[in-house]
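My notes follow the display.

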Amino acid sequence: MSEAAFSEAQPPQHRLRVAVDAPQHSGISAPLDYLSEQALPPGSLVRVPLGRRELMGIVWPGEPDASTEPAALRPILGCMEGIPPLSAAWCSLVEFAARYYQRSIGELALSVLPPQLRELDAAQLKMRLKKLDKWAAEQARAAADASPAQKPELSPAQAEVLGQLDALLASAKAPPPLLLYGVTGSGKTEVYLRAAEHALSQGRQVLVLVPEINLTPQLEARFAERFAGRAIVSLHSGLTPAQRLRHWLAAHAGQAELVLGTRLAVFASMPRLGLIVVDEEHDPSYKQQDGARYSARDLAVYRAHQLKIPVMLGSATPSLESWQKAQAASPPANTVRGRYKLLRLPERIGGGAMPRVRLFDMKTLPLSKGVTTALTTPLLEALRKRLERGEQSLIFLNRRGYAPVLHCAECNWKSDCPHCSAWRVFHKGDRTLRCHHCGFTQRVPSECPTCGNQDIAPLGRGTERLEEQLQEQLPGARVLRIDADSTKLKGELEAQLHAVHSGEVDIVVGTQMVTKGHDFRRITLVAAVNPDGALFSSDFRAPERLFALLMQAGGRAGRDAEQAARSEMWVQTWHPEHALYKALARHDYEAFAQSQLAERESAGLPPFAHLALLRAEGRTAEAAKGFLDAASRWARSLPEADAVLIYPSIPMSVARVANVERMQMLVEASSRSALQRLLWHWLPELHALKREHKGLLRWAVDVDPLAI
Ligand code: ADP
Ligand code: ZN
Ligand code: ZN
């Protein structure tokens with residue numbers, strides 16, 4: 001039958017491909033075909049029936065399947081009026097991410113839209129859009145009266161970097177990804193501001209990504225001050241559903257000129273996007289840890305490449321992936337999107353020095369009576385000196401709670417979690433034993449639950465205990481603990497940071513939470529009291545992460561140029577000779593990166609190899625293992641398996657969580673495309689395989705996993 005005859009014989013119905021939120025395991029991974037009376041452009045938001053449910057969907061680019069009988073297709077239920085369609089570029093970003101991270105298009109597409117979009121009916125939506133117009137008009141009025149803050153004169157290094165950016169933008173072709181490498185306080189943010197100013201002046205929108213919600217208000221304030229009157233919105237999971245919808249709509253409608261957000265903002269719909277900034281690009285928070293396990297940093301690079309716009313990745317300690325791509329010697333063939341352009345800010349603004357790093361060998365340190373190994377005599381002395389001078393200190397210990405485990409010396413009982421292969425942590429504040437994996441919490445027993453011994457004691461130390469010991473050793477000092485426990489309630493972190501800034505605190509004790517981004521002015525001593533664990537971790541990225549954390553922690557000291565000269569970073573370690581600490585002492589990220597890259601290359605690890613992890617969770621370890629082993633056999637039968645290495649399945653490092661046994665299997669390939677080809681042919685089969693394995697609860701794949 002000819003095309004013309006076919007359409008004449010039909011009622012005036014249009015076929016549409018619609019992406020709906022059907023998770024991959026339901027077997028629906030491609031967009032579905034529907035009928036519509038109207039011809040709707042791709043990107044339109046619609047309501048469709050699926051089974052007995054009514055879902056939101058997105059008209060997806062591409063040809064519907066013309067061979068299906070129209071009678072087999074269901075009509076859409078309606079179109080969401082007033083919202084302009086999502087762009088083709090947005091759809092292709094989502095499609096790329098779905099393919100790359102092995103999820104269904106519809107699931108990913110719908111999961112990155114604001115949840116409230118699905119709940120509103122036409123009338124409610126219309127009201128929201130009207131409000132938004134009012135907001136935009138107000139913004140425009142404000143812009144007219146606003147007087148933007150004065151800009152500082154650029155340092156020579158900043159001017160040089162921006163000159164290079166200009167030159168890249170002037171050359172007609174797409175700019176390469178930019179890696180802005182400079183220590184804390186070297187003026188990276190000022191470079192972001194200038195680059196943003198340039199894009200804004202051309203009528204483009206700017207997207208700025210930060211690793212954590214906590215950092216958004218701070219950066220937002222800086223952007224708001226510089227771009228007074230410009231429409232700035234934030235996008236992160238801490239917003240109320242209504243705020244998130246409003247901000248998203250403002251970006252999508254092109255009214256918001258600047259969008260500042262965490263990883264989910266990489267999917268913000270921005271029709272005039274002209275620049276993407278990824279601050280602290282090395283930060284692990286850019287990787288989503290469930291669902292579609294995407295890397296927002298990597299997707300930002302993809303998105304910029306797709307739009308031929310600049311993307312600027314900033315860090316004092318770039319990820320080894322980015323660093324390697326920015327090396328002149330790196331073969332461009334190794335990277336899909338070519339080599340990165342390295343831009344350097346070699347010094348702190350105002351010429352302030354980085355704090356002097358001092359390594360203290362725990363094997364030789366004197367311990368005064370009653371003092372634990374964390375608070376050595378020299379450290380206490382150094383803290384006292386700061387107290388006398390009215391300066392602040394920061395002690396960094398990446399373990400919250402009072403002690404990681406309670407122990408009975410009589411019978412050797414330890415406070416293990418009955419549901420997990422982990423200890424329960426002793427929290428003295430509320431006298432609980434709490435599992436940090438499953439949340440199982442009980443009151444601390446007054447005696448050993450197995451032998452009745454009354455003398456059960458905490459082993460090891462967390463931030464709570466350190467806080468207590470500091471108070472004992474330095475009476476009168478104002479000690480403040482900042483960690484996930486002290487900041488559980490909304491507003492607590494802000495209040496605590498404010499206390500530090502306003503000088504109400506002498507000593508801050510905290511987890512990695514305090515190492516990030518906060519611009520503390522009066523800190524002249526940063527001490528890491530127990531960082532060695534990461535040196536011997538089975539996770540090959542642990543040293544990279546430790547180095548970044550310590551550099552970042554050190555960066556909190558001496559941000560005030562005057563104090564920089566006497567600022568110090570102390571590391572108490574049992575391994576002062578370790579190359580990582582040696583490099584840290586010289587502030588030598590480059591030497592550290594080079595040695596790590598050499599190790600990774602000889603071990604065949606990323607960025608010289610590409611990894612995917614297949615994880616399985618079961619009621620028993622056997623069920624999880626059985627599934628993975630069957631999956632492995634299946635993979636080996638595929639021709640694509642020749643180019644990859646499939647490792648045996650092993651238990652995850654915390655094997656049991658909430659009575660679920662967790663196993664994983666690593667797949668490694670020397671080329672990204674070989675890995676992708678295997679996954680593409682292999683994973684769809686696993687949905688069927690799952691049904692054959694009773695006791696298997698779920699499985700998931702993590703492409704480019706951060707922790708293995
Ligand atoms: P980074 O983002 O690398 O940590 P910032 O951009 O925050 O560095 O700069 C550190 C400090 O120096 C900030 O207080 C900032 O206001 C200031 N600063 C940045 N650039 C300049 C400049 N060109 N002249 C004067 N002060 C500057
Ligand atoms: Zn006991
Ligand atoms: Zn538990």
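**Entry 1, metal site.** I note at the start that the model is predicted. I looked up which protein atoms coordinate the zinc ion (ligand 3) and found the SG atoms of Cys-417, Cys-420, Cys-435 and Cys-438, at 2.2 to 2.3 Å. I then checked the geometry: the angles among the four donor atoms run from 105 to 113 degrees, and the site is tetrahedral. In sequence, the donor residues follow the spacing C-x2-C-x14-C-x2-C. I placed Cys-417 in the loop between β15 (405–408) and β16 (425–427), and Cys-435 in the loop between β17 (432–434) and β18 (441–443), so this pair ties together parts that are 18 residues apart in sequence. I also checked accessibility for Cys-417 and Cys-435, and both are buried.

I counted 17 residues around ligand 1, the closest being Glu-153, Gln-158, Gly-185, Thr-189 and Arg-222. By class, I find seven polar, six charged and four nonpolar residues in this shell. Helix α7 (residues 188–201) gives the largest share of the shell, with three residues.

I listed contacts to oxygen atoms of the ligand. For Thr-189, a polar side-chain atom lies 2.6 Å from an oxygen atom of ligand 1. The backbone also takes part: Gly-185 places an N or O atom 2.7 Å from a ligand oxygen, and a polar backbone atom of Gly-187 is 2.9 Å from an oxygen atom of ligand 1.

Methods
Residues numbered from 1 in each chain as written. Chains lettered and ligands numbered in written order. Predicted model: local features only at pLDDT ≥ 70, side-chain atom pairs only at ≥ 80, totals over all residues. Heavy atoms only, no water. Donors = N, O, S within 2.8 Å, 3.2 Å for Na, K, Ca; no water. Tetrahedral: all angles 85-135°; square planar, octahedral: opposite > 155°, others 65-115°. Helix = DSSP H or I, 4+ residues; strand = E, 2+ residues; numbered from the N terminus. Buried < 20%, exposed > 50% of the residue type's maximum accessible area, 1.4 Å probe, protein only. Near = heavy atom within 4 Å. Polar contact = N/O pair within 3.5 Å; in protein donor to acceptor, adjacent residues only side chain to side chain. Nonpolar A, V, L, I, M, F, W, Y, C, P; charged D, E, K, R; others polar.
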